[in-house]
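Dear colleague,

Here is the structure I promised to pass on to you, and below it you will find what came out of going through it. Please keep it open while you read, so that you can follow each place by its residue number.

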Amino acid sequence: MSSEQDWDELLTNHPMFSLPKSVSGPSGKGELSLDLSLSSLPDFVNLDPVDDNPTPSGRRQAVAIKDADLIVAVGSEIRITSLGDSKGTRGTSQKSYKILHTPNVRFEIHQVALNPNGKLLAVAGAFQVAVIVLPRIGFNKLVTATVDCKSFQVGQYHHAAETSAPVAKIDWHPWGQGGSTLLVMTTDGRLREYDISADADEPQQTLSFVPDRRMSNSYIADDAADREVASFAFGKGRADWGPLTVYAVMKSGDIYAICPYMPKNSSVPSSYVHALECYVAAKQEYLSNSTNGDAASSDSLTTLYDYQHKYVSALLKQLPPGTAWPATNRVVPMHPPTTIKNPRARQGPFLLQPAPRGLAGGEGGDATDIVYMSFGDDAAEESDGETERLGLILVASQEGKVDLFLDVEKVEARWEQKQHPSRDLPMLATYESIDLGILSTLRKSSPSLLDLVKGNHPVFQLDPIHDDALYVYHAFGVHALHLGSLLKGLAILLRDGNESDNNGSGLEASLETVKNTEVHPILLTFSVEQQSSTPVIGVAIPNDVYLTYSMFILTSSMRMSVFPLTLRSDSSVVAETRVPSPEKKPPAIAPPPASSSKSLFNSKPKPEPAPSSALTSKASPTPPEGPPAYVSLLSAEPWAIPPAIARPTGLPGNPRLSLPKPPGGSAGEMVLTPDTLRYLGTTVEKISSQIHDAELAHRATEARAALQEQEFRRQRETCARMLEIVRALATARQEKAQARIAKVQEGQKVLLARLDRVLQGLMKKAVPELSENEAKWFEELRRMKAEVVGAGKYDDRSLVAKAKLLRNEVDRLLPHLKEMNEKETARRKSLVESREALGLSQAFELGKRSTEERTRISEMEADILKLAHRLDVSVGRPPSQQQEHKGGDEHE
């Protein structure tokens, strides 16, 4: 399965993609009812809780891939087939699939979501939600067409009643313990958390993004779109509150956030908890050291940081022993702290600075989806600066506009406080607004078709392999958004901004050099002839080593299109931008243009620091003066593939068409109309231009190849000459060089001897006689020499003779001392042995007699003292008291 045609051939006419009976059956509305047109527009806009028809209204995601299994939701059925086993059935008619038997799922499925471990599948209709336990490996070997699976509805009281709010989006939390935490967002702003392993009926937690209406006598003009949620997304980050943040976008485009949010039963990396602790501690330290600002604001921040510290401390107490930093990172089960009783604050709406631009001729459609993309990767964790903390938020709207915001002010944990209420709104920096071209396409066909955007619902799909790739599918096709060039440009801009501050004019000039998001149309489903479109209801990208890196696109008419993608060797964006630029290049290589990147957040001018000499010497050593020894025919910059033939992502240069079937004829017939001829003319002109560009690129490539061959021959000839020179240096020239070196060494010795003689002669001429101090110094040296060495050979008074005599005497006495030491050691050993040989009875008898004698001595001493006292005679202390006094003095 290495090409696009293989997948298309395998999945074309696959029975898995047959229409449901509610559409293709005798009482069905037919395939045309699934197309978006002016006649079917009410079915795409209105929702009926009683009759949930198969019209793809609202958010649709009907495709999922689990390992090598393809899962498709068709009506109220869940169909599954193994793509790995389907490889062997290519070219045969043995294409089969299995239907998951789920009696509890009796509604039209609009969304499917696979949990992180791939064991559970959450399905949602317009109002109801259910969870299906997927079968194990080997289900395709069963003979029956259906596979019994356990299924149960989620939150029947909240989502299955007639008064329930429609489901906006379902998703699994990545930190849910066991992958069983399901989040369900309804349009009324309620985000409910269900732990499938504990209780699927009642939510564990509920977040409210839309406050309840308060009774008031005054009239408030409130737009319904301001109180209706379109979608939500999880934040991301490494050492901040990003992973504990939930973003929600209203249909009006307002963005709100709630932080902190953690599932009731979570599995949190221990390294993140320690990083968050350092982040909060740094905030508190900075606030304590800062003296500027309002006192009320300082008190509010102090209270906020105290709450954050309590929250993090509660998380640290849940860490088991052995996880203290810098221990190895591990996933630890945790629960959200309950130490803070205040409810979490809803932060927002975000200030969008500047305000996003509207599309020309557009009325500003409702927002449909939101996604948060993190900046950088694991390779940039150890790098410093502001770049790795930058995040991107993208919001899609019905008109085909995608707004890209920079998350320059990270959201922090906040709680509602009556004493210090926060009135400051968070901010997002608007970078660009992307036009997918939907309005222009409809306007060219017919201005009345602009109403079709009301039934459009763009949805984001992240690439599981490349973080800088994003796909948007909607009712008129699929577009790919590549943010790699944008992220690299912003990384360079922020890196240079951290090193030097610049003025505002320089900042604007630097921002103009940053590339925008690359937009590539992949699939178009709008028919100019029929003035209708087949909405895309699902996009899936496998992340399995046994499947090729491709993109599967499913339309509402159950037609599957597959696009092979190209794997790219992603490197750290921050690492790529941290290569030091050398001060000087060799003359053969043109120097790079001076960078004009400016800081994105600072405008104060500051001199640019000079690069380090060590870095400069390592990057590019300064060449010697003069022309280089070898000048290459090739340019200094590496050759780049011409854009006309370059396909770094693997996507086609022209979007593929997947148009609705004509109402009165077969799919192979075409009715020529002016619009059709106009479209064909435009397409032919575009393809002719691409062919011309490809021919020019082919010529440039051939010229480059010829130049590289010529350069290769020159390098081979130069290398051959260098080898000859090296060989000559190693043989004849080496002998000559050694002989010359020896001759130079002999001459050097002669020169040194001559220099010594000349120096002595000059010293004698300069100072013919010794001075008085020199004479005394030399006389003292002679006296010391005579004292140490002696006046003659037999001088016994010299220190050398005395030392020799002392050594002889020591050598004579040393054997006797050793003998005496040995005797003493033997005597002590025998004495110890004799003491140890004394019996128990003998020792007892000796102790008894010794005690008696000591008693008698004590009595005699007492009598003598009494007698001396009577005779008034002074006597000294008794021997026993003298010994005790002496022992006391030694102790002191």
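Before the first residue, one cut-off is needed: a residue is called buried when its relative accessible area is under 20%, exposed when that area is over 50%, and partly exposed in between. Please also bear in mind throughout that this is a predicted model.

With that cut-off, Ser527 has a relative accessibility of 3% and therefore counts as buried. Ser527 belongs to strand S29, which covers residues 526-527, and, leaving aside residues up to four places away in sequence, Ser527 touches Ser532, Leu659 and Pro660. Although Ser527 and Pro660 are 133 residues apart along the chain, their C-alpha atoms are separated by 6.8 Å.

Leu659, one of the residues that Ser527 touches, also takes part in a nonpolar surface patch of about 520 Å², together with Leu657, Leu672, Leu677, Tyr679 and Leu680. Helix H13, residues 674-730, gives the most to this patch, with three residues. Leu680 has its place in helix H13, and because its relative accessibility is 34%, Leu680 counts as partly exposed.

Turning to the strands, you could begin with strand S3, residues 77-82, where five of the six residues are buried, so that strand S3 is largely enclosed by the rest of the structure. Strand S2, residues 69-74, runs antiparallel to S3 and is joined to it by six bridges, with Val74 standing opposite Glu77 in S3. The hairpin of S2 and S3 has two residues between the strands, and Gly75 in that hairpin takes a positive phi near 65°. S3 is also joined by two bridges to strand S4, residues 98-101, again in the antiparallel sense, and here Arg79 stands opposite Ile99 in S4.

Elsewhere, four strands form an open sheet with antiparallel pairing, in the order S5-S6-S7-S9. Its edge strands, each of which pairs on one side only, are strand S5 (111-114) and strand S9 (151-153), and neighbouring strands of this sheet are turned by 20° against each other on average, direction ignored. Within the sheet, strand S6 (residues 120-124) and strand S7 (residues 129-133) pair over five bridges in the antiparallel sense, and Val123 stands opposite Ala130 in S7.

With best wishes

Methods. Residues are numbered from 1 along each chain as its sequence is written. This is a predicted model: local features need pLDDT of at least 70, side-chain atom pairs count only at pLDDT 80 or more; totals for chains, interfaces and linings use all residues. Side-chain values use heavy atoms; hydrogens and water are left out. Two strands pair if DSSP finds at least two bridges between them. Axes are lines fitted to C-alpha atoms, for helices over the stretch in contact, and angles run from 0 to 180 degrees between N-to-C directions. Buried means under 20% relative accessible area, exposed over 50%, partly exposed in between (1.4 Å probe, protein chains only). Patches are made of residues with over 30% relative accessible area and no salt bridge: like charges are joined within 9 Å, nonpolar side chains (Val, Leu, Ile, Met, Phe, Trp, Tyr) within 5 Å. Accessible areas come from the Shrake-Rupley method with a 1.4 Å probe; for residues, only the protein chains shown count as cover. A salt bridge is a side-chain nitrogen of Lys or Arg within 4 Å of a carboxyl oxygen of Asp or Glu. Contact means heavy atoms within 4.5 Å.
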